[in-house]
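Let's take a friendly walk through a protein model together. Have a look at the sequence and the 3D view, then read on.

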Amino acid sequence: KAEDVVIAGTDTAVLLYGCSRVYLHALTIQATCALFGIYIGGNCNDIRISHCRINANRISTTTYGIYLSSGYKRDRIQIVGNHIDGGSYGISFYSGTAANAAAHGRYHLIDSNRIENFLYTGIYAYYSDFESISHNRISASDLAGPYSNGYGLNTYYCNHKYIVGNCIDLLREYFYVVYGMYVNYSNYDSYAQHITDTTYVLDNDIQTYGSNGFTNSLYLNYGNLQVIHNSLYMKSKYENGYGICLVETSPYVCEVKNNSVYVDGGCSVYPICCSGPNELFRISGNNVFHTCATSSLPDLAVFNNKECYTLAELQGYDAEATVIRPAYFNGNVRDRIYFNDSMTAVPVTNQYYQTYGYVDKSGTLRKGTRVTRGAYEAQPMNSNAQLLTFVSPAADGIPNGTTVEIKVVMRNDADSVLTSCNVEWEVNGIRQAPYVWKGKLSKGTADTLCLGKVNVSDRV
């Protein structure tokens, strides 16, 4: 167990320099008073760090959980299953000496790590080629730090095969400018090992909040991209940003498909932004919801080359598109699972299912030839009554001492008329009195239920 072996230091807890074939497993790295938890320098290859607990400094502006120094080419570095707590950076990863592909370190893996309480960036990478950066849970510190910008995953001049199943939480009011995932030049031009390679960005759950600057949940620059089945929530107090922002140039193509994108901000915030010729973007099957609902911009979806498109205008080639506000299974935007009728029927046609499998972010099987949007496959209810969405509370956080009326929309999914049902519900883990509904709902029709009023003693 990691707690059985503890290594501590005042500058660097663990230093690996010019060595190869080293395996660090199940250690506690105590670096709360140090600059580096694990420092990798010189020509190191075949390093594996797995299932370690790395406690980094939560206050200093130049501290790192795991740090790979610049200026050296390294291959086969694997960081798997670790818990990294603190640091201005959770992981800072250099493994090459220049932007061109020949100078990149290759065959790297960052997978299934829990990276939390960082001040600036969860994972930062430069001049490196990754087999996968996947299934990591990345969340910033709840305490305001010295940085005005925040990044969950930030890679420059790196090539990726898979960026799959990451959960990134940057819902912090102290960040001015926020990028949940910022990927630049993956498999692009002279930086790529093969320019025909595709970067698969799949099943990621990304949540961002920017208080006074540009906000992006998912920002991708150049290369062949498959952006599929991601769940994105972006809130911008400054009212400037994108849920998904894509920059593309010929001959590369970007497919944006089956995502669920929810943006909360003014009319300068767009669910999807494309910069480049329209023919390079294949947008289909996405559910987007925009809180700015005006008569002129009722369902603003895509901004490209200073032209705005609504989903109605895109229906000619995006017949699967919907504009429905996602409901949250537990009412908590920071740990959410979507389920509503926007998630019912999207065709399975993309290559991901042939190469990676019919599973969602949580490993749930995606069944049949049509699957749900976003990172999570909707699960059928074991009853005839289906919860569609919350009417109130409408806000993601309710102040203490507020009395809130709980309203939901219920649909009859049975083949016969629904005349009664019992609704079990709870608030912040506290079970409420069951609501007994009686009425008459034919198949496929819905009703709004007022479950009751609660006085909020903690955030809902």
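Two strands pair if DSSP finds at least two bridges between them. Strands (E, at least two residues) and helices (H or I, at least four residues) are DSSP runs, numbered from the N terminus. The model here is predicted, so local features need pLDDT of at least 70 and side-chain atom pairs count only at pLDDT 80 or more, while totals for chains, interfaces and linings use all residues. Residues are numbered from 1 along each chain as its sequence is written, and side-chain values use heavy atoms, with hydrogens and water left out.

**The chain as a whole**
- The protein chain has 42 strands and 2 helices.
- Of its 460 residues, 57% are buried (buried means under 20% relative accessible area, exposed over 50%, and partly exposed in between, with a 1.4 Å probe and protein chains only).
- Take the contacts (heavy atoms within 4.5 Å) between residues at least 6 apart in sequence: 74% of them join residues at least 24 apart.

**Strands and sheets**
- An open sheet of 11 strands has parallel pairing, in the order β1-β4-β7-β10-β13-β16-β19-β22-β25-β28-β31.
- Its edges are β1 (6-8) and β31 (287-290); each has a single partner strand, so one side of each is left without a neighbour in the sheet.
- Within this sheet, neighbouring strands are turned by 10° against each other on average, direction ignored (axes are lines fitted to C-alpha atoms, for helices over the stretch in contact, and angles run from 0 to 180 degrees between N-to-C directions).
- Strands β19 (residues 167-170) and β22 (residues 205-210) run parallel and are joined by 4 bridges; Asp 169 stands opposite Gln 207 in β22.
- Strand β37 (residues 403-412) has 7 of its 10 residues buried, so it is largely enclosed by the rest of the structure.

**Nonpolar cores**
- A nonpolar core is a set of buried Ala, Val, Leu, Ile, Met, Phe, Trp, Tyr and Cys residues joined through side-chain atoms within 4.5 Å.
- The largest one has 62 residues, and Ile 38, Phe 93 and Leu 246 are among those with the most contacts inside it.
- Apart from it lies another core, of 24 residues, including Tyr 64 and Tyr 270.

**Cysteines**
- How many disulfides does the structure hold? There are 0 (a disulfide is a pair of cysteine sulfur atoms within 2.5 Å).
- Cys 33 is exposed, at 62% relative accessible area, whereas Cys 450 is partly exposed, at 36%.
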